[in-house]
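Subject: Structure handover and findings

Hello,

I am passing this structure on to you. The sequence and coordinates come directly below, and my notes come after them.

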Amino acid sequence: MKDLPGEWKDHQLTVALRIRPLNDAEIEEGATTVAHKIDNQMVVLMDPCEDADNVLRANRSREKTYMFDVAFDYAATQEDVYVATTKNLIDGVIAGYNATVFAYGPTGAGKTYTMLGLDSEPGIYIRTLNDLFTAIEDSTEDLNCSVYMSYIEIYNEMIRDLLNPSSGYLELREDAKGEIRIAGITEFSTCNAKEIMALLTKGNKLRTQESTAANKTSSRSHAILQVAVKQKSRVKDINEEVRVGKLFMVDLAGTERASQTQNRGKRMKEGAHINRSLLALANCINALSEKGGKGAQFVNYRDSKLTRLLKDALGGNSRTVMITHISPASSNFEESRNTLVYADKAKNIRNKVKRNLMNVSYHLAQYTSIISDLRSEIDRLRAKIDQQSQEQQKGEKAGICDIKAEVQEYSHGEMALLQEQLLSAFREQMEIRRSLMELENCNMELHIDTSRHLLTISDWERDRARARRVREVTEEKRDRGNVEEQESGPEEPQYVTAAREEIGPLLAEQRKTMEQKKKETHTGLEKL
Ligand SMILES: Nc1ncnc2c1ncn2[C@@H]1O[C@H](COP(=O)(O)OP(=O)(O)OP(=O)(O)O)[C@@H](O)[C@H]1O
């Protein structure tokens, strides 16, 4: 069924649960299985502290049943998980919808296994990309399609481009439409799955991964793979429809407790950052699950880079699937319980989704003027025929034939030539307009960022002056005019210093964009 363009539809977050098999370390330490899949949707978690032989089972409160959209245990294959969670999103992305799949859960619970997988057991990334390219190839629609890919990690609250690590740390920007963008991100345009897989493998090698007490190859960062599918009509028209569907695939760092993972030093600092992002994510899930209900709350996405980037995935314009992971082991009971509580809340999140359609219309002035020139030329020739036929009614047919031939020749030759010129003028104009529009957007984003920083600084300076004045008045009153040397006031917070530092580069970038815009406009005018 085709959706009407521009129509908003409700979409409830899909929440899946995957319980991985017990691992060797868990078996060695004598852990028992406490998480069981009951059926395709139901899971039960038993408290290992309870005495299973106690027939009275007096304390049943900590044995809890959870329902999800779909549940998997150790028997599920990578294909099973992919088909039930992600495969269905592909057609939507091609039709211009946004979609997000994210893996959530404690460290070592199997998130990277589900998303990336092994060479012998590929995960969701590879399966999705293969099916996406096949679906594009099989599409019968008359559309030109291009696929762009980017791959980043958020490590210690800093964004790194995994496809171009030399670009340093990247910044988040909000554009005029309120959409979050990563400034300076590398977007590879590819048209085959093999090429995209090579990029992904290269990027993965750069991902921050370390051995921790809980997982030998623990991912210390959140990794986000974004694939954008852009399509436009092959048939040239004065109105062109462009569709853009974006798919985010996110492998989050694991939730962890410092005491349990025995992390120290650098690992502990990472843990704090990982937890800051995941705490912000948990807060958003909490607030969103309450939204619309009695306890409707403000959703604060700004607390971490992760939540700012996942804003659309949570409560925005995206079909979203959350794949929650837990270990079945009794030794991980507490982590599993906490994870299940959040996954359960996430089921209440509702998104509003809409196809991303844009209309590019070309300037008609040039088109209209050429057509009117052609019309007057034809009128002139018609008038000439009429005039001549009146004058030479008797036997001067040859002359008329000459003029008729002239009209015909003009109509075919000149028309074809003019048509050709018209088309190429359109193409050039279209390119210039498109790049001007991009520069305009970029400039607007820079302007908004600069204003935001200036506002942050002036707010802070105003508060500081106010605090200083209050202190002075208090001191004056107490010392009856004998004012002691004043403190310089509170130390400037990090976010204000960061705002000051960012203004210079933002202004420089703004100047650069303006220069480029001038150049483009000049080239455009020369061509017209
Ligand atoms: N369903 C599964 N079947 C078989 N092995 C699994 C499964 N899930 C996870 N594993 C294995 O368990 C180990 C830990 O998994 P993985 O690295 O995917 O965890 P993680 O949740 O990504 O951890 P972290 O948050 O620390 O990165 C890996 O060796 C992985 O191969």
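What follows is a summary of what was found, beginning with the model itself.

This is a predicted model, in which local features need pLDDT of at least 70, side-chain atom pairs count only at pLDDT 80 or more, and totals for chains, interfaces and linings use all residues. Residues are numbered from 1 along each chain as its sequence is written.

Confidence and overall make-up

The chain averages a pLDDT (the predictor's confidence in each residue, from 0 to 100) of 80, and 79% of the residues score at least 70. Over residues 258-264 the pLDDT is below 50, and this stretch has 13 contacts in the model beyond near neighbours in sequence. Two residues are in contact if their C-beta atoms, placed from the backbone, lie within 7 Å. Where pLDDT is low, the predicted coordinates should not be read in detail. For the complex, the predictor gives an ipTM of 0.99 and a pTM of 0.67.

The chain has 528 residues, and buried residues make up 29% of them. A residue is buried if 20 or more other C-beta atoms lie within 10 Å of its own, exposed if 12 or fewer, and partly exposed in between, with C-beta atoms placed from the backbone. The secondary structure comes to 13 helices and 19 strands; these are DSSP runs numbered from the N terminus (helices H or I, at least four residues; strands E, at least two). Of the contacts in the chain with a separation of 6 or more, 73% are accounted for by residues 24 or more positions apart.

The ligand shell

How many residues surround the ligand? There are 18, and the closest are Gly110, Thr112, Ser218, Ser219 and Gly254. A residue is near a molecule if its C-beta atom, placed from the backbone, lies within 6 Å of it. Helix α4 (111-115) and strand β14 (218-219) each supply at least two residues of the shell. The most comes from α4, with three residues. By type, the shell divides into four nonpolar, twelve polar and two charged residues. Here Ala, Val, Leu, Ile, Met, Phe, Trp, Tyr, Cys and Pro count as nonpolar, Asp, Glu, Lys and Arg as charged, and the others, Gly among them, as polar.

The unreviewed UniProt entry places the feature "binding site" at Gly105, Pro106, Thr107, Gly108, Ala109, Gly110, Lys111 and Thr112. The positions are in the numbering used here, the feature name is shortened, and such annotations may be inferred rather than shown by experiment. Two of these positions were looked at individually. Threonine 107 lies in the loop between β7 and α4 and counts as buried, because it has 26 C-beta neighbours inside 10 Å. Glycine 110 is in the loop between β7 and α4, and is buried with 23 other C-beta atoms within 10 Å. Not counting residues up to four places away in sequence, glycine 110 touches Arg18, Arg20 and His325.

In helix α2 (residues 78-85), the buried residues are Val81, Tyr82 and Thr85. They cover an arc of only 95° around the axis, so they sit on the same side of α2; the arc is that of the directions from the helix axis to the C-beta atoms. Their cover includes β2 (14-19), β6 (70-72), β7 (99-104), α4, α5 (124-138) and β17 (319-326).

Alanine 99 lies in strand β7 and is buried, with 24 C-beta neighbours inside 10 Å. Leaving aside neighbours within four places in sequence, alanine 99 is in contact with Leu89, Gly92, Val93, Leu247, Ser318 and Arg319. Its C-alpha atom is separated by 7.2 Å from that of alanine 313, 214 residues apart along the chain.

Other local points

Lysine 9 lies in strand β1 (residues 9-12) and is partly exposed, with 13 other C-beta atoms within 10 Å.

Asparagine 156 is found in the loop between β8 (143-155) and β9 (158-161). Its phi is positive, about 50°, although it is not a glycine, and it counts as partly exposed with 17 C-beta neighbours inside 10 Å. Glutamate 157 is in the loop between β8 and β9, with a positive phi near 65° in a residue other than glycine. Glutamate 157 is partly exposed, with 14 other C-beta atoms within 10 Å.

Regards
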